[in-house]
Amino acid sequence: MVKEELEHLKELQQIDSKILEKKHFTDKIPSRISKAELPLRESQAALDKIKHKQDTLEKSKRDKEREIDVINEKINKLKSRIADIKTNKEYQAHLKEIESVEKDRYSLEDGILIIMEETDAALKEIESQNAKLRTDKNKTDEFKKKLEIEMSEAEKELQSLNEKRDRIVNAIDKEIYNQYMILIESCNALAVTEAKGEICLGCNMNIPPQLFVEIKKNEEIINCPQCRRILYFKNT
Ligand SMILES: [Zn+2]
């Protein structure tokens with residue numbers, strides 16, 4: 001009878017260790033996903049940045065074009081007044097004014113050319129960053145899918161482990177089970193452990209030879225004198 005209880009306890013410990021392991025595994029999945037998404041988030045941020053740069057370039061180009069429109073209007077006005085000019089001196093001054101305004105226009109046009117070159121570079125960068133983003137997204141999606149499958153498998157295994165556990169718990173004497181659970185709480189989730197070569201593998205302390213002889217029989221529930229864990233002997 002007691003021998004059977006010991007067998008049940010060993011089995012229960014095995015199941016509880018597996019359950020714990022599975023739970024550790026599933027608990028870590030969200031952070032693994034979030035870590036895997038990091039390159040994707042970084043690619044997105046890089047893309048947003050370069051898109052913002054391109055918007056700024058476009059805006060600055062439009063501003064310069066508007067300035068050119070204003071200048072062109074000014075030049076046309078100045079030219080239309082040429083007919084009214086009476087003296088040569090006035091005429092020379094007038095030409096100079098037109099020349100100076102035209103100079104402003106040339107410098108704006110140069111500015112636009114530079115902006116267009118920068119825009120070309122930005123567009124190319126956007127294109128390559130978009131490609132990188134797609135690759136990163138595919139990789140992340142694939143990884144997430146893999147983890148989701150692993151998660152659902154782990155959940156299924158947990159369910160079957162819990163069912164097995166319930167069956168064993170039903171077969172164990174309630175008081176012994178309570179003792180087991182107290183040990184699980186206090187002994188770092190290891191309540192039942194092997195005794196090997198007069199040593200408790202739970203706390204690595206020596207077991208008195210006389211007690212070890214009793215443990216080797218696997219007929220009684222014997223606790224480690226040091227850590228109180230339930231000990232069994234593995235016959236190999
Ligand atoms: Zn011990």
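What is the handedness of the crossing of α1 and α3?

Author: The model is predicted, so local features need pLDDT of at least 70 and side-chain atom pairs count only at pLDDT 80 or more, while totals for chains, interfaces and linings use all residues. Residues are numbered from 1 along each chain as its sequence is written.

The crossing of α1 and α3 is left-handed; a crossing has this name if the near helix is turned anticlockwise from the far one by less than a right angle, and is right-handed if clockwise. Helices (H or I, at least four residues) and strands (E, at least two) are DSSP runs, numbered from the N terminus. Two packed helices are described by the angle between their axes and the distance between the axes. Helix α3 covers residues 88–171, and α1 covers 2–36. Their axes lie 9 Å apart, at an angle of about 160 degrees. Axes are lines fitted to C-alpha atoms, for helices over the stretch in contact, and angles run from 0 to 180 degrees between N-to-C directions. The two helices, α1 and α3, are therefore roughly antiparallel (angles over 145 degrees; under 35 is roughly parallel, 65 to 115 roughly perpendicular and the rest oblique). By class, 15 nonpolar, three polar and nine charged residues make up the contact of α1 with α3. Here Ala, Val, Leu, Ile, Met, Phe, Trp, Tyr, Cys and Pro count as nonpolar, Asp, Glu, Lys and Arg as charged, and the others, Gly among them, as polar.

A nonpolar core is a set of buried Ala, Val, Leu, Ile, Met, Phe, Trp, Tyr and Cys residues joined through C-beta atoms within 7 Å. A residue is buried if 20 or more other C-beta atoms, placed from the backbone, lie within 10 Å of its own, exposed if 12 or fewer, and partly exposed in between. This core has 16 residues, and those with the most contacts inside it are L9, A195, I215, I230, L231 and Y232. Leaving aside residues up to four places away in sequence, L231 touches T193, A195, C200, I215, I222, N223 and C224.

R228 lies in the loop between β3 (222–223) and β4 (230–232). R228 is partly exposed, because 17 other C-beta atoms lie within 10 Å.

Note on methods:
Two residues are in contact if their C-beta atoms, placed from the backbone, lie within 7 Å.
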